[in-house]
Amino acid sequence: MKKIFILKGKGNTAKTTKINKIAQWIIDTYHCPNTIGLNTTDFEIDTLGVLNIGKLSIGINSSGDNLYEVQKIKELKGDEDNFPDIIICACRTKGAGFRYIRDNFNYSTGWLSVFINVEEFISTDIKSQTIRDSRIDDELKTWL
């Protein structure tokens with residue numbers, strides 16, 4: 001069974017940044033090449049691609065603000081028209097992008113889907129943001 005981890009939240013909750021930082025952690029921890037075009041000087045830039053660790057493939061799609069961006073997941077398919085073993089992506093809390101992931105990446109289609117809620121906090125609430133971000137990082141790293 002393949003796995004998909006979806007950071008789900010409202011706009012401007014730093015979902016892209018979190019996914020890109022996890023991608024950097026994967027690259028650094030498992031010493032794999034940056035095949036996703038990750039810009040380590042600006043984690044707010046969307047990233048799309050596949051990281052390979054031996055025979056394990058991890059797809060990254062950090063853009064998820066609308067259906068078009070969410071559907072970029074299709075571009076992660078490999079030569080044999082197969083998705084990576086694991087996908088890490090983002091989407092909003094509702095709408096067409098959320099429904100696309102829910103309807104296409106679920107148990108009945110062979111996927112273990114884990115929605116990770118990215119709570120929204122006011123920009124001055126750094127303490128709550130830090131706690132939230134640490135929880136999300138820990139959860140993803142534990143799964144990976």
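Reply: Start with what counts as a helix: a DSSP run of H or I, at least four residues, numbered from the N terminus. Helix 1 covers residues 15-30 and gives three residues to the lining of the largest pocket, the largest share. Keep in mind that this is a predicted model.

Me: What makes a residue part of that pocket's lining, and how many residues line the largest pocket?
Reply: A lining residue has an atom within 4 Å of a pocket point. The largest pocket is lined by 16 residues. Nearest its centre lie N12, A14, K15, T16 and T17. The space in this pocket is about 290 Å³.

Me: What is the make-up of that lining by class?
Reply: Eight residues are polar, six are charged and two are nonpolar. Gly counts among the polar ones under this scheme.

Me: Why is K18 called buried?
Reply: The cut-off for buried is under 20% relative accessible area. K18 has 4% relative accessibility, so K18 counts as buried. K18 lies in helix 1.

Me: Which residues does K18 touch, leaving out those up to four places away in sequence?
Reply: L7, T13, V118, R132, D133 and I136. Contact here means heavy atoms within 4.5 Å.

Me: Why does N20 count as buried?
Reply: N20 is also found in helix 1. Its relative accessibility is 0%, and buried means under 20%, so N20 counts as buried.

Me: What joins the side chains of N20 and T47?
Reply: A polar contact of 2.7 Å. The limit for an N or O pair is within 3.5 Å, so that distance qualifies. With residues up to four places away in sequence set aside, N20 touches T47 as well as L38, F43, I45 and S62.

Me: How many disulfides are there?
Reply: Zero, by the distance rule. A disulfide is a covalent bond between the sulfur atoms of two cysteines. The rule asks for two cysteine sulfur atoms within 2.5 Å.

How values were computed:
Residues are numbered from 1 along each chain as its sequence is written. This is a predicted model: local features need pLDDT of at least 70, side-chain atom pairs count only at pLDDT 80 or more; totals for chains, interfaces and linings use all residues. Side-chain values use heavy atoms; hydrogens and water are left out. On a 1 Å grid over the protein atoms alone, a cavity is a set of points where a 1.4 Å probe fits but cannot get out, and a pocket is an open set with protein on both sides within 12 Å along at least five of seven lines; lining residues have an atom within 4 Å of a point. Grid points are joined across faces, edges and corners, and a volume is the space filled by probe spheres set on the points. Helices (H or I, at least four residues) and strands (E, at least two) are DSSP runs, numbered from the N terminus. Buried means under 20% relative accessible area, exposed over 50%, partly exposed in between (1.4 Å probe, protein chains only). A polar contact is a pair of N or O atoms within 3.5 Å; within protein, one must be able to donate a hydrogen and the other to accept it, and residues adjacent in sequence count only if both atoms are side-chain atoms.
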